[in-house]
Structure formats: structure tokens, C-alpha cells
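Here are my notes on the model you sent over, as numbered points. I hope they are handy while you look through it.

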Amino acid sequence: MRNEPVGILGGIGPMATVYFMQRVLAMTDASRDQDHVDMIVWNHASIPDRTAYLVGDSDESPGPVMAEDARQLERAGARFIAVPCNTAQAFQDEVAAAVDIPVIDIVAETIAAARAAVPDLTHVGILATDGTLRAQTYHRAAQAAGLTPVAPDDVVQKDVMSMIYDGVKAGMPVERERFDAAVEHLRAKGAGAVLLACTELSILRTDLAVDDHDVVDSLDALAARTVTMAGGRLR
């Protein structure tokens with residue numbers, strides 16, 4: 001049973017939205033155009049910055065804008081909504097309350113993917129924006145799943161933010177050594193799996209050809225759920 005189209009509430013960030021669509025296509029078992037998932041995409045790049053609001057550097061909440069975007073996607077015919085941004089998860093309840101269709105929980109999907117990837121998982125490392133860490137969305141979801149969340153130390157977190165904002169969002173290259181150092185830092189702190197809990201880091205994972213089984217990509221987890229909810233087949 002097909003359940004389409006999916007509404008993509010994107011632009012947060014714009015490149016991550018395009019990459020998410022590519023992952024949905026790549027993960028769909030399709031031998032012809034008609035086997036792929038129908039998507040309505042609102043790549044709304046001017047949504048106020050999520051991290052700036054969550055850490056108190058801005059008083060402009062993205063929540064009402066995202067809620068209105070969700071309503072527009074529903075009016076356009078979307079059967080459910082995917083939001084390819086982890087920091088925006090802090091506004092999940094506000095967005096979900098604005099519509100009568102499901103909104104996929106990227107955090108829950110990522111935690112489930114980590115547990116599937118690493119047997120007997122007890123500790124999960126979180127690579128994310130300051131906003132996501134401040135909102136504690138992954139911390140709470142991990143703890144609810146019986147897992148212990150592990151966040152980077154301040155110096156490492158500063159470099160994670162630089163990779164996201166000065167690297168991917170700015171269209172600048174990031175060296176593999178920096179990415180690997182952040183992952184290894186969390187492994188050294190006991191993480192059995194490291195969550196790429198920022199969609200810009202998902203882009204880096206592909207650009208740098210990272211294939212470590214314990215590095216779990218939130219955007220891939222969201223893409224897989226999007227395909228199956230739409231009634232498509234996963235490769």
C-alpha cells in the first residue's frame with residue numbers, strides 16, 4: 001500500500017535537504033521511476049536558526065515558522081512529514097500539533113538504528129549542534145531506551161560546531177582527521193556507537209567515505225523510515 005506523497009520540511013539546512021532526498025532515492029529498491037517515493041519538498045532556508053534560538057543568541061523562534069510550513073505541506077497533499085534536521089527536533093511537538101498527519105521522529109529512528117547496528121549497546125556518543133545538546137533531545141531519548149548518552153568535551157564540541165558551520169554550511173571542505181578525532185573522542189569516553197545527530201555531519205560522512213559500522217547516521221535512519229512509511233521497498 002502506497003502512502004504518498006511525503007512532505008519534506010527542509011531548508012534546515014538546504015544542502016542537508018538535498019542530500020536527504022538523494023538518500024531516499026538511493027535507499028529505495030526501484031527498477032523504474034514509478035517505484036520511487038513521491039515527495040513534496042519545501043526547502044525553506046530562511047527559517048530562523050535553530051541553534052541560535054536554543055542557546056539564547058536569538059529571540060526569534062523557528063517553531064511557528066516550521067508549524068506553518070507543516071500546515072502548507074499538509075494542505076498540498078502530504079500524507080506524512082519528514083524533517084531532515086536534528087536540531088529542529090526540539091520543536092517536534094509544536095510542528096506535530098499543527099497538523100493532522102504524522103511527523104517522523106528523527107531522534108527515535110536514530111536511537112533504534114544504533115541499537116540495531118551494535119548488539120548489547122549501553123553507551124551512545126552524540127555528535128550534534130550546541131542547540132541539540134542544549135535541548136537534550138538525544139539525551140532523553142537515549143535514557144528512555146535504557147542507554148547512557150555521552151557528549152563531547154567542550155574543546156571537541158567547539159570543533160564539531162566548526163565542522164558544521166564553518167565547513168558544511170559554508171560549503172568548505174573538512175579534513176577526515178577532524179571528523180575521525182571527534183568520533184574517537186567519544187569512543188574513548190565509552191561510546192559503543194556514535195550518532196551523527198546533525199544532518200550536516202551526515203553529509204560529511206558521505207563526502208569523507210566513512211563506513212565504520214558503529215557510526216550511525218541520523219539522516220539514513222530518517223530516510224529508511226520515510227521509504228517504508230511511503231510504502232516503498234528498501235534496498
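1. Of the chain's 235 residues, 54% count as buried, where buried means under 20% relative accessible area, exposed means over 50% and partly exposed lies in between, with a 1.4 Å probe and protein chains only. The chain exposes about 10,300 Å², and carbon and sulfur atoms supply 49% of that area; accessible areas come from the Shrake-Rupley method with a 1.4 Å probe, and for residues only the protein chains shown count as cover.

2. A word on the basis of these notes: this is a predicted model, in which local features need pLDDT of at least 70 and side-chain atom pairs count only at pLDDT 80 or more, while totals for chains, interfaces and linings use all residues. Residues are numbered from 1 along each chain as its sequence is written, and side-chain values use heavy atoms, with hydrogens and water left out.

3. On the overall fold, the chain has 11 helices and seven strands; these are DSSP runs numbered from the N terminus, with helices (H or I) of at least four residues and strands (E) of at least two. The C-alpha trace spans about 45 × 45 × 35 Å along its principal axes.

4. Contacts here mean heavy atoms within 4.5 Å. Among those between residues at least 6 apart in sequence, 74% join residues at least 24 apart.

5. Which residues touch the most other members of the largest nonpolar core? In this core of 58 residues they are Phe20, Ile111, Leu127, Val160, Phe179, Leu201 and Leu204. Helix H11 (residues 218-229) gives the most to this core, with six residues. A second, separate core of 18 residues includes Ala78, Val83, Phe91 and Ile101. A nonpolar core is a set of buried Ala, Val, Leu, Ile, Met, Phe, Trp, Tyr and Cys residues joined through side-chain atoms within 4.5 Å.

6. Is Gln92 buried or exposed? Gln92 is buried, because its relative accessible area is 12%. This residue is found in helix H4 (residues 92-97), and Gln92 touches Val103, Ile104 and Asp105, not counting residues up to four places away in sequence.

7. Please look at the backbone in a few places. Most residues other than glycine have a negative phi, and most peptide bonds are trans. The peptide bond from Glu4 to Pro5 is cis, with omega near -5°, and Pro5 sits in the segment before strand E1 (6-10). The bond from Ile12 to Gly13 is also cis, with omega near 5°; Gly13 lies in the loop between E1 and helix H1 (14-27).

8. Two residues other than glycine have positive phi values: Asp120, near 60°, and Gln136, about 65°. Asp120 lies in the loop between helix H5 (106-117) and strand E4 (123-127) and counts as exposed at 78% relative accessibility. Gln136 is in the loop between helix H6 (130-135) and helix H7 (137-144) and is partly exposed, with a relative accessible area of 34%.
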